[in-house]
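Subject: Structure handover

Hello,

Here is the structure we discussed. Please keep it open while you read the notes below it.

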Amino acid sequence: MNSSFSYHTHYPHPASTTVAKTQPASPPPQPATPQAEAGEVALPSNSLSIPDILAWHSIPQDLINAMAGSSLAAGLERMITFSPFPLLPGIPMALGGASGSGKSLTLAKLAARYARQARQSNGRIRRPLVLACDSTPGSYIKLASILRGCDIDLIKAYGGLSPDLIDGYNRIILVDLPGLCVYSPTAMAEMKEVVERTRASLSLVIPAGMDPEESTDIAAAFHQCGAKSMIASRMEQSGRIGSIITAAACGLALTYGSYSGSINEGFTQLTPTILARRLLVLPG
Ligand SMILES: Nc1nc2c(ncn2[C@@H]2O[C@H](COP(=O)(O)OP(=O)(O)O)[C@@H](O)[C@H]2O)c(=O)[nH]1
Ligand SMILES: [Mg+2]
């Protein structure tokens with residue numbers, strides 16, 4: 001990954017971005033950021049260049065420039081680290097992010113996947129353990145209901161839990177954190193405390209369709225808190241996915257993409273090719 005990219009928070013609004021164009025052939029090219037008539041949705045058209053489409057996704061111009069080259073996949077690979085999700089037996093992994101970003105569903109997708117592996121391993125791998133650290137009213141019940149039917153152990157651990165107090169040997173341990181606002185130093189300090197008490201690694205869950213400036217702030221704050229990886233959620237629910245690109249460009253390794261609200265579907269390891277295709281083709 002190229003770490004020289006710097007995100008300018010106050011990049012010009014996409015609508016005011018001018019892109020040099022050749023003389024129109026037939027049919028005429030669309031503007032870089034298509035303007036919708038009242039009541040219509042502006043979609044990227046096939047006549048747009050790759051930089052125009054990236055601008056449609058609200059990716060800032062300096063990042064678009066940094067990705068220019070032989071192919072979009074190669075540009076993505078240059079600016080973003082793609083890696084497997086860094087989950088190891090015995091080392092808790094906490095999933096953090098804003099409220100509603102998809103932390104609990106993503107955790108459930110991971111838990112379900114490892115529970116299946118454990119079932120098929122004839123006792124070689126133990127079933128996953130989930131620590132519910134979100135004490136927001138209703139959140140434990142919601143998590144328990146998403147995980148119903150999965151062969152996992154779920155325990156309440158509001159405030160975090162020392163791994164010395166749990167039987168975590170040779171099992172995947174996932175930590176469901178409360179949602180937080182990264183602009184609140186108190187909320188960030190509280191999250192750090194829970195993560196430290198649990199001796200967990202930290203990963204960010206961030207949804208597509210967010211404002212890329214906000215996603216940059218969130219990713220930078222998590223990076224500073226020690227997060228090394230991220231999972232992209234709601235990939236099939238949004239057109240514009242620039243928030244995923246700008247977050248990953250802050251130095252978080254991009255791992256899974258979540259494409260479905262169902263626990264057993266739509267969870268894919270992202271690669272430069274898959275991400276390039278998703279940028280160029282809207283979900284059908
Ligand atoms: N369609 C779809 N829905 C998602 C995805 N990720 C999360 N959701 C939904 O988004 C809502 C919030 O997710 P949740 O995991 O509860 O968010 P949390 O507050 O961060 O724990 C729920 O209704 C989820 O089913 C996704 O990738 N696709
Ligand atoms: Mg949750």
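**What was found**

Of the contacts in the protein with a separation of 6 or more, 74% are between residues 24 or more positions apart; two residues are in contact if their C-beta atoms, placed from the backbone, lie within 7 Å. This is a predicted model, in which local features need pLDDT of at least 70 and side-chain atom pairs count only at pLDDT 80 or more, while totals for chains, interfaces and linings use all residues. Residues are numbered from 1 along each chain as its sequence is written, and chains are lettered from A and ligands numbered from 1 in the order in which they are written.

The protein has nine helices and eight strands. These are DSSP runs numbered from the N terminus (helices: H or I, at least four residues; strands: E, at least two). Of the 284 residues, 38% are buried. Buried means 20 or more other C-beta atoms within 10 Å of the residue's own, exposed means 12 or fewer, and partly exposed is in between, with C-beta atoms placed from the backbone.

**Core**

The largest nonpolar core has 72 residues, and A111, I206 and M230 touch the most other members. Helix α4 (residues 103-120) gives the most to this core, with nine residues. A nonpolar core here is a set of buried Ala, Val, Leu, Ile, Met, Phe, Trp, Tyr and Cys residues joined through C-beta atoms within 7 Å.

Leaving aside neighbours within four places in sequence, A111 is in contact with P128, V130, L147, C150, I152 and L174. I206 is in strand β5 and is buried, because 28 other C-beta atoms lie within 10 Å. The C-alpha atoms of I206 and G96 are separated by 8.7 Å, although the two residues are 110 apart along the chain.

**Helices**

Helix α7 (residues 212-224) has 13 residues, which at 1.5 Å a residue should span 18 Å; its end C-alpha atoms are 18 Å apart, which agrees. The expected span is 1.5 Å times one less than the number of residues. P212, S215, T216, I218, A219, A221 and F222 are the buried residues of α7. Among the elements covering them are β1 (93-96), α6 (185-198) and β5 (201-207). After α7 comes G226, with a positive phi near 105°.

The axes of α4 and α5 (residues 139-147) come within 10 Å and cross at roughly 35°. S104, L105, A108 and A111 of α4 make the contact with K142, L143, I146 and L147 of α5. Axes are lines fitted to C-alpha atoms, for helices over the stretch in contact, and angles run from 0 to 180 degrees between N-to-C directions.

Helices α3 (residues 72-79) and α9 (residues 272-280) pack at about 120°, with axes 8 Å apart. L72, A73, L76 and E77 in α3 meet P272, T273, L275, A276 and L279 in α9.

**Positive phi**

Most residues other than glycine have a negative phi. N122 is not a glycine, yet has a positive phi of about 50°. N122 lies in the loop between α4 and β2 (129-132) and counts as exposed, because it has 7 C-beta neighbours inside 10 Å. N170, also not a glycine, has a positive phi of about 55°. N170 is in the loop between β3 (153-156) and β4 (173-176), and with 11 C-beta neighbours inside 10 Å it counts as exposed.

Regards
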